[in-house]
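Work through these exercises with the structure in view.

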Amino acid sequence: MVVFLFVLKSVLASTGDRSQMFYSCLQDCLAQNCSGSSQDSQSFHVLRALHWTCSDECKYFCMWPTVNWFVEAEIGVQQFYGKWPFIKFWGIQEPAATLFSILNLVGHVVMIRRFRKEVRPSAPFYVMTHYFCVICCHAWLWSTIFHIRDVRFTEIMDYLGAFSMVLFSVYHFLVRMLAFQPRSSQYSLFFGMAIGFYFVYHSYTTFFVKMDYGYNMLINIAFGAVNILGWSIWCLKFYKRRPYVKQCAAFVALVAFTTLFEVLDFPPLFWVLDAHALWHLSTAPLAILWYNLMCLLVNWSLFWHGGSGFTREIFNKLNEYFLASRC
């Protein structure tokens, strides 16, 4: 801790919008284009459907000469209002992150259709997998909308959508681990109500009390770590007993690895591709691995707990042969 305190540096966020050059440019632009009749004459610049106001257009216009000045002065690219400068495309604020969010959404839709073909409706966790797909699609929809246009409502919905995915992942893990234990339904109801009430409480405080960015990030990381740690322990426990555990371990490792993109932070490449967009791109293939894993888990659970003792004995022999041949 002592060593850590010595390497701390004082930093200022959003120094771009606080610079004198940006401020002077913004004031001139607002006076010339956003007052009275001048605002009406410039209304074709404002994409009203995406709530781009005249003031927003002036901020975007003044951002680029300020960025050029920072670069020429060898200060480096700075953030404006908490964001890196991005090139706007057809009114879309962050084109790359928007595209990759859509890619994640499409991945869940395509893979749930495959899941339906390979798993029969009477199988365990069939309905829960569909619930998870709906929650993920809802989250990626709001992620797409947020990256198209960043306003307070879309920002909160994006954060809550991501948090709902993390929470339901933890609930899914807990229910699956306790599914074949005594009183599993009571445990499922208890964890579901507890997690559900906490999500409602957090949503209420975020909307009507305070949008606490630090707290929101902290709880996402905490529940995400619980989910990764839980699946990791499960993989270690069944590594030599079930043939698909390697695929689960690979998925967990990739989830942990891709999360590192959220830790990184650098100016966008070509003013389009930043670390957050790369994170969305890296998570898109994970949907394929996840639903493939769900097909294996559900089918194995159905066979193991629904089959006779003789069939399970045969399966054990085949499983041992499979593991030996893979080694």
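**Exercise 1. Find which residues His-130 touches, leaving out those up to four places away in sequence.**

Solution. His-130 touches Ile-112, Phe-115 and Arg-116. Contact here means heavy atoms within 4.5 Å. Helices are DSSP runs of H or I with at least four residues, strands are runs of E with at least two, and both are numbered from the N terminus. Last, check its cover. His-130 has 15% relative accessibility, so it counts as buried. Buried means under 20% relative accessible area, exposed over 50%, and partly exposed in between (1.4 Å probe, protein chains only).

A note on the source: this is a predicted model, where local features need pLDDT of at least 70, side-chain atom pairs count only at pLDDT 80 or more, and totals for chains, interfaces and linings use all residues. Residues are numbered from 1 along each chain as its sequence is written, and side-chain values use heavy atoms, with hydrogens and water left out.

**Exercise 2. Describe the chain as a whole.**

Solution. Start with the elements: the chain has 15 helices and zero strands. Then take burial: 40% of the 327 residues are buried. Now the contacts. Of those between residues at least 6 apart in sequence, 69% join residues at least 24 apart.

**Exercise 3. Determine how the rings of Phe-251 and Trp-290 are arranged.**

Solution. The whole structure holds 25 aromatic pairs. In this one, the ring centres are 5.3 Å apart and the planes meet at 40°, so the pair is tilted. Rings of Phe, Tyr and Trp (its six-membered ring) pair if their centres lie within 6.5 Å; planes under 30 degrees apart are stacked, over 60 edge-to-face, and the rest tilted. Phe-251 is in helix α11 (residues 245-258) and Trp-290 in helix α14 (residues 286-306), so the pair ties together parts 39 residues apart in sequence. Phe-251 is buried at 12% relative accessibility. Trp-290 is buried too, at 8%. Both belong to one aromatic cluster, whose members include Phe-132 and Tyr-171.

**Exercise 4. Compare two spans with the UniProt record.**

Solution. An unreviewed UniProt entry lists "transmembrane region" for several spans, among them residues 123-141 and 248-271. Such annotations may be inferred rather than shown by experiment; positions follow the numbering used here, and feature names are shortened. Residues 123-141 are 84% helix and 0% strand, with end C-alpha atoms 28 Å apart. Residues 248-271 are 62% helix and 0% strand, and their end C-alpha atoms lie 36 Å apart.
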